[in-house]
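The following questions and answers examine a single structural model.

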Amino acid sequence: MTLSRNTLVLLVGLLVVGLGAVSYALYQEKKQPEGVEISVGKNGLSIKEK
């Protein structure tokens, strides 16, 4: 089974982009501020500790 060079480069590029997207999502999740979250919704006032 032989893959052309262009196909191999495309696969490596997709893996790099996917890894970058996952890394960014994890960074954003971890960046969430800690403390207390206060929100007002249809069920009234909600206070959650993070």
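Two strands are said to pair if DSSP finds at least two bridges between them. The model is predicted.

Q: In which sense do β1 and strand β2 pair, and over how many bridges?
A: Pairing requires at least two bridges between the strands. Strand β1 covers residues 36–41, and β2 covers residues 44–49. The two strands pair in the antiparallel sense, over six bridges.

Q: How many residues lie between β1 and β2 in the hairpin?
A: β1 and β2 are paired in the antiparallel sense. Together they form a hairpin, and the number of residues between them is two.

Q: Which residue in β2 is the bridge partner of V40?
A: Within the pairing of β1 and β2, I38 stands opposite I47 of β2. For V40, the bridge partner in β2 is L45.

Q: Of the six residues of β1, what number is buried?
A: A residue counts as buried when its relative accessible area is under 20%. Strand β1 lies largely in the open, because the number of its six residues that are buried is zero. For the six residues of β2, which also lies largely in the open, the number buried is likewise zero.

Q: What distance separates the end C-alpha atoms of helix α1?
A: Helix α1 runs over residues 5–30, a total of 26 residues.

Q: Is L14 buried or exposed?
A: L14 is placed in helix α1, where none of the 26 residues is buried. The cut-off for an exposed residue is over 50% relative accessible area. L14 has a value of 54% and is therefore exposed.

Q: What accessible area does the nonpolar patch on the surface have?
A: L10, also in helix α1, counts as exposed at 53% relative accessibility. L10 and L14 belong to a nonpolar patch on the surface, together with L3, L8, L11, V12 and V16. The accessible area of these residues together is about 660 Å².

Q: How far apart in space are P33 and S46, C-alpha to C-alpha?
A: P33 is located in the loop between α1 and β1, and its relative accessible area of 58% makes it exposed. P33 and S46 are 13 residues apart in sequence. Their C-alpha to C-alpha separation is 17 Å.

Q: Which element has the lowest mean pLDDT?
A: The mean pLDDT of the protein is 88, and 98% of its residues reach 70 or more. Among the elements, α1 has the highest mean, 94. The lowest mean, 86, belongs to β2.

Terms used:
Residues are numbered from 1 along each chain as its sequence is written. This is a predicted model: local features need pLDDT of at least 70, side-chain atom pairs count only at pLDDT 80 or more; totals for chains, interfaces and linings use all residues. Side-chain values use heavy atoms; hydrogens and water are left out. Buried means under 20% relative accessible area, exposed over 50%, partly exposed in between (1.4 Å probe, protein chains only). Helices (H or I, at least four residues) and strands (E, at least two) are DSSP runs, numbered from the N terminus. The expected span of a helix is 1.5 Å times one less than its number of residues. Patches are made of residues with over 30% relative accessible area and no salt bridge: like charges are joined within 9 Å, nonpolar side chains (Val, Leu, Ile, Met, Phe, Trp, Tyr) within 5 Å. Accessible areas come from the Shrake-Rupley method with a 1.4 Å probe; for residues, only the protein chains shown count as cover. A salt bridge is a side-chain nitrogen of Lys or Arg within 4 Å of a carboxyl oxygen of Asp or Glu. pLDDT is the predictor's confidence in each residue, from 0 to 100.
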